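This text leads through one chain, from the whole to single residues. Please look over the sequence and the structure before reading on.

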Amino acid sequence: METIDLPAAIVGLAVALGIGLMVGIERERRKGDGDRRAAAGLRTFAIAALAGALAQLLPIAGLAPIGAALVALLAVVSHWKSRSRDPGMTTEIALFATYLIGVLSVVTPPLGAACGTGLALLLAARRRLHRFATELLSEQELHDGILLAALTLIALPLIPSRPIEMLGGINPRPLAAMVLLIMAIQAAGQAATRWLGVRGGMLGAGFASGFVSSTATVASFGSRARRQPSHARLLASGAALSGVATWLLALTMSAALSPHAALALLPVALAGAAGAAAIGLLPLLSPRPADRIDVPVSRRSALRPRAALAVALALALVALLVSAAQRRFGDTGLQLGIALAALVDAHAPVASLASLHAA
């Protein structure tokens, strides 16, 4: 017979009891009263968590799976006997999850505590989650999010994760991840315009567009300011904030390609981002009334894969040209190539230098 480690058992039982009480308190406040009173509350959840911990602690083969089956059966019976006109499955599923977390709390107490806290938070955020899913999130934004998740979880792992000499030593997987990041920023920019209103959305769109191309953002906002001179201040603020995104993305790419190069770039990047942020937010401190811009919210997809792929191709092309210039002309060719490339796109030369540093 196995000997139970008493200190570890006490820790596991304490974590399981705490999780059961925390989840049970949340469910107790929602179980109602009278004929519509739900079956599971504070005591039920605390007992379920303790039962899971005890089933894992006791040296009886198969006790934990038997207990899980019993809790699942009781949850099914409770749901079947529910008198609510719209009986949900949340409490029953949460009860079963609490039992499993009790088992996990004995095996790995920190992970059990984290899972239990996450479950309680998920249950407590019911109204906010429902409002987000039904009111704040549009159908197109849901489609964009699912598409991004599919590309991240399915397509990205299939891309080779090794440096390619033709790309100047760049690893294609971080490059693909950068494409997905740009697409995510595009979706966030459109959502910000709808959620935060025109004023906050315009500033957010300028900042988000800087992750794709600050040059293109400034050109676009400048053209719009020419057509709408009364809105020039707010458009100028959004264009300036795109410079903040440029520095942040440059620092992110350097960290992904060469952490040592990112440390060297960090002071310059922070100074540049702070300067751009100060210029972008300075017009907002003016006592003049806020600009009003009527921008229709687009129902089209916010994802622009062509723009994101164009940035990735620019990164690869500049890396190839800069690497060739360094091999032929030495440091002089490297510096000239970087300077010329930066006139077109600031992200590409930074990624090229970081990849050369890593190689």
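This is a predicted model: local features need pLDDT of at least 70, side-chain atom pairs count only at pLDDT 80 or more; totals for chains, interfaces and linings use all residues.

Of the 359 residues in the chain, 38% are buried.

The secondary structure is quickly described. The chain has 13 helices and zero strands, so that the order of elements from the N terminus is α-α-α-α-α-α-α-α-α-α-α-α-α. As for how the chain folds back on itself, take the contacts between residues at least 6 apart in sequence: 72% of these join residues at least 24 apart.

One place on the surface deserves a look. Leu 70, Leu 73, Leu 74 and Val 77 make up a nonpolar surface patch, and their accessible area together is about 360 Å². One of these residues, Leu 73, belongs to helix H3, which covers residues 63-80. Is Leu 73 buried or exposed? Its relative accessible area is 52%; because exposed means over 50%, Leu 73 counts as exposed.

How many salt bridges does the structure hold? There is one salt bridge, and it pairs the side chains of Arg 27 and Glu 26, with a distance of 2.8 Å from N to O. Both partners, Arg 27 and Glu 26, are buried.

Definitions and conventions:
Residues are numbered from 1 along each chain as its sequence is written. Side-chain values use heavy atoms; hydrogens and water are left out. Patches are made of residues with over 30% relative accessible area and no salt bridge: like charges are joined within 9 Å, nonpolar side chains (Val, Leu, Ile, Met, Phe, Trp, Tyr) within 5 Å. Accessible areas come from the Shrake-Rupley method with a 1.4 Å probe; for residues, only the protein chains shown count as cover. A salt bridge is a side-chain nitrogen of Lys or Arg within 4 Å of a carboxyl oxygen of Asp or Glu. Helices (H or I, at least four residues) and strands (E, at least two) are DSSP runs, numbered from the N terminus. Buried means under 20% relative accessible area, exposed over 50%, partly exposed in between (1.4 Å probe, protein chains only). Contact means heavy atoms within 4.5 Å.
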